[in-house]
Amino acid sequence: MSVVIAGGHGRVALLTTRLLTTRGLPVTGIIRRPEQAATVRAAGAQPAVTDLAHATPHHLAHLLTGAQAVLFAAGAGRGNAPGQADPVDHDAALTLADATQLAGVRRFVMLSAMGADPAIHYPPDPLVETFLQAKGRADQDLLSRPALDCTVLRPAWFRDGPGTGRVHLAEHTGPGEIDRADVAAVLADLLTTPATAPRVLELVSGTVPVHEAVARTALRLVADH
Ligand SMILES: NC(=O)c1ccc[n+]([C@@H]2O[C@H](COP(=O)([O-])OP(=O)(O)OC[C@H]3O[C@@H](n4cnc5c(N)ncnc54)[C@H](OP(=O)(O)O)[C@@H]3O)[C@@H](O)[C@H]2O)c1
């Protein structure tokens with residue numbers, strides 16, 4: 001099974017890449033700066049240089065052909081003006097989804113954010129409001145596509161700790177925080193667990209080992225279906 005990660009030089013993306021390549025899964029990391037290629041290679045992946053904000057679905061579909069799973073892990077950070085369209089967190093995610101369908105790949109995992117909601121009103125921080133609205137609109141669109149087996153992961157606020165290997169993964173977790181390393185471990189398992197589609201899952205630090213948390217969630221969702 002091979003995986004394509006959009007935003008391949010991101011901190012979560014590189015951690016996920018290392019986990020997948022250590023398991024022997026080939027990974028392609030899509031980056032927009034050629035100078036990041038060496039880091040992506042050092043993590044065990046094949047870099048592909050393309051700016052997601054300007055790529056067409058047909059161009060991206062070439063990069064996805066033959067893959068079995070796609071992860072959108074790119075993000076504009078705090079780079080968007082409040083209230084403006086979001087070329088990465090929303091538009092690029094949907095372009096990648098179009099490309100995924102064109103390439104005939106079903107498994108799509110979206111790295112979203114807790115609180116993502118097209119209608120969220122968050123006056124303390126207009127940039128965060130714009131980000132969460134863009135993510136929420138993208139998530140809604142992705143989950144409505146029958147051609148994709150899409151899981152939307154909405155982690156809490158990130159920390160940079162080493163990871164505890166223990167999480168709380170559920171449709172509603174309540175507030176919390178989570179180390180990027182634990183987000184990466186959950187993403188690596190979700191990519192190979194399509195039974196968690198089509199669902200939104202929240203993620204915070206917790207007490208259940210990652211493999212068990214993902215497996216248990218998949219079993220519960222299949223039983224509920
Ligand atoms: N921060 C939080 O607490 C939090 C919580 C929940 C969810 N999230 C989500 O998780 C995502 C990943 O987090 P992270 O910490 O790994 O972020 P990160 O280190 O900032 O990585 C984001 C990556 O996206 C890439 N990117 C942005 N625009 C691109 C484009 N047009 N084409 C190709 N690549 C592009 C960036 O590349 P460049 O190096 O070229 O800029 C960067 O490598 C965030 O972006 C956010 O959506 C964050």
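## Around T151, and out to the cores

Leaving aside its neighbours within four places in sequence, T151 is in contact with R107, F108, V109, M110, L190, T196, A197, R199 and L201. Keep in mind that you're looking at a predicted model. T151 sits in strand β6, which covers residues 149-155. Is T151 buried or exposed? T151 counts as buried because its relative accessible area is 0%, and the cut-off for buried is under 20%.

Now for the nonpolar cores. The largest one has 38 residues, and L153 and V186 touch the most other members. Which helix gives the most to this core? That's helix α6, residues 180-191, with 7 residues. Take a look at V186: not counting residues up to four places away in sequence, V186 touches L153, V167, L169, L203, V210 and V214. Apart from this core lies another one, made of 28 residues, including I30, F72, A74 and A138.

Next, a pair of helices. Helix α4 (residues 87-102) packs with helix α5 (residues 126-143) at an angle of about 20°, and their axes are 8 Å apart. So α4 is roughly parallel to α5, since angles under 35 degrees count that way. Their crossing is right-handed. Here's who makes the contact:

| Helix | Residues in the contact |
|---|---|
| α4 | D89, H90, A93, L94 and A97 |
| α5 | F131, A134, K135, R137, A138, D141 and L142 |

What kinds of residues are they? The contact of α4 with α5 divides into 7 nonpolar, 1 polar and 4 charged residues.

Technical notes. Residues are numbered from 1 along each chain as its sequence is written. This is a predicted model: local features need pLDDT of at least 70, side-chain atom pairs count only at pLDDT 80 or more; totals for chains, interfaces and linings use all residues. Side-chain values use heavy atoms; hydrogens and water are left out. A nonpolar core is a set of buried Ala, Val, Leu, Ile, Met, Phe, Trp, Tyr and Cys residues joined through side-chain atoms within 4.5 Å. Buried means under 20% relative accessible area, exposed over 50%, partly exposed in between (1.4 Å probe, protein chains only). Helices (H or I, at least four residues) and strands (E, at least two) are DSSP runs, numbered from the N terminus. Contact means heavy atoms within 4.5 Å. Axes are lines fitted to C-alpha atoms, for helices over the stretch in contact, and angles run from 0 to 180 degrees between N-to-C directions. Angles under 35 degrees count as roughly parallel, over 145 as roughly antiparallel, 65 to 115 as roughly perpendicular and the rest as oblique. A crossing is left-handed if the near helix is turned anticlockwise from the far one by less than a right angle, and right-handed if clockwise. Ala, Val, Leu, Ile, Met, Phe, Trp, Tyr, Cys and Pro count as nonpolar, Asp, Glu, Lys and Arg as charged, and the others, Gly among them, as polar.
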